Amino acid sequence: MLDYKELGQVIASLTEGETDVVALMATVACEVHHSDDRFDWTGFYRVVGPELLKIGPYQGGHGCLVIPFSKGVCGAAATTGQTQLVADVDGFPGHIACASSTRSELVLPVRDGAGKLIAVFDIDSDRPDAFTQGDADQMAAMLGSVFGQV
């Protein structure tokens with residue numbers, strides 16, 4: 001079981017005083033990815049224009065380069081501003097198969113200190129139903145503490 005308290009402490013110590021968003025994203029993606037073997041692909045899609053996400057720092061195989069807000073689980077998180085907890089990606093309307101091995105996803109909106117959406121954080125698993133509401137809540141709290149200061 002993932003120790004979110006320990007993960008949060010490690011990330012806090014690594015990112016203390018850092019305000020560069022890309023550096024923060026790279027550090028979070030790396031630490032989260034290597035913290036749990038359920039996580040097959042872990043990374044950020046940055047808001048780069050109206051209704052448009054572009055791949056940011058990530059760990060794992062190749063991801064989609066560009067995702068419109070109108071497509072997939074990442075687009076749904078960006079459009080609604082709500083965490084997307086998807087137990088079976090094949091049952092998600094409009095799912096984008098960036099990797100054919102992905103079975104479940106957890107995607108969280110990432111906001112800066114002013115509340116502006118700057119990215120979504122995408123965690124894919126090659127296992128079905130890999131994520132819980134507890135995972136979603138803990139990840140959201142951790143992201144808020146890291147990015148809420150920039």
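In what order do the six strands form the open sheet? The order is E3-E2-E1-E6-E5-E4, with antiparallel pairing.

This is a predicted model, in which local features need pLDDT of at least 70 and side-chain atom pairs count only at pLDDT 80 or more, while totals for chains, interfaces and linings use all residues. Residues are numbered from 1 along each chain as its sequence is written, and side-chain values use heavy atoms, leaving out hydrogens and water.

**Sheet**

Helices (H or I, at least four residues) and strands (E, at least two) are DSSP runs, numbered from the N terminus. Two strands pair if DSSP finds at least two bridges between them. Strands of a sheet pair through backbone hydrogen bonds, either parallel or antiparallel. Here the six strands pair in the antiparallel sense, and the edges are strand E3 (66-68) and strand E4 (84-86), each of which pairs on one side only. From one strand to the next the twist averages 25°. Strand E5 (residues 104-111) and strand E6 (residues 117-125) share eight bridges in the antiparallel sense; Val-110 has Ala-119 in E6 as its bridge partner.

**Helices on the sheet**

Contact means heavy atoms within 4.5 Å. Axes are lines fitted to C-alpha atoms, for helices over the stretch in contact, and angles run from 0 to 180 degrees between N-to-C directions. Helix H2 (residues 21-33) lies across strand E1 (41-49), strand E2 (52-59) and E6, at about 155° to E1. Helix H3 (residues 72-80) lies across E1, E2, E3, E4, E5 and E6, and runs at about 35° to E5.

Angles under 35 degrees count as roughly parallel, over 145 as roughly antiparallel, 65 to 115 as roughly perpendicular and the rest as oblique. The axes of H2 and helix H4 (residues 133-147) come within 11 Å and cross at roughly 150°, which makes H2 roughly antiparallel to H4. H2 passes H4 in a right-handed crossing; a crossing is left-handed if the near helix is turned anticlockwise from the far one by less than a right angle, and right-handed if clockwise. On the H2 side, Val-21, Leu-24, Met-25, Val-28 and Val-32 meet H4 residues Met-139, Met-142, Leu-143, Val-146 and Phe-147.

For helix H1 (residues 4-15) and H4, the axes come within 11 Å and cross at roughly 20°, so the two helices are roughly parallel. Their crossing is right-handed. Tyr-4, Leu-7, Gly-8 and Ile-11 of H1 make the contact with Asp-135, Gln-138, Met-139, Met-142 and Val-146 of H4.

**Cysteines**

A disulfide is taken as a pair of cysteine sulfur atoms within 2.5 Å. One disulfide is found in a search of the whole structure. Cys-64 is joined to Cys-98, with an S to S distance of 1.6 Å. Cys-64 sits in the loop between E2 and E3, and Cys-98 in the loop between E4 and E5, 34 residues apart, so that the pair links distant parts of the chain. The torsion about the S-S bond of Cys-64 and Cys-98 is about -110°, so the disulfide is left-handed.

Cys-74 is in no disulfide, and its nearest cysteine sulfur, that of Cys-98, is 7.2 Å away.

Buried means under 20% relative accessible area, exposed over 50%, partly exposed in between (1.4 Å probe, protein chains only).

| Cysteine | Relative accessible area | Class |
|---|---|---|
| Cys-30 | 27% | partly exposed |
| Cys-64 | 15% | buried |
| Cys-74 | 4% | buried |
| Cys-98 | 32% | partly exposed |
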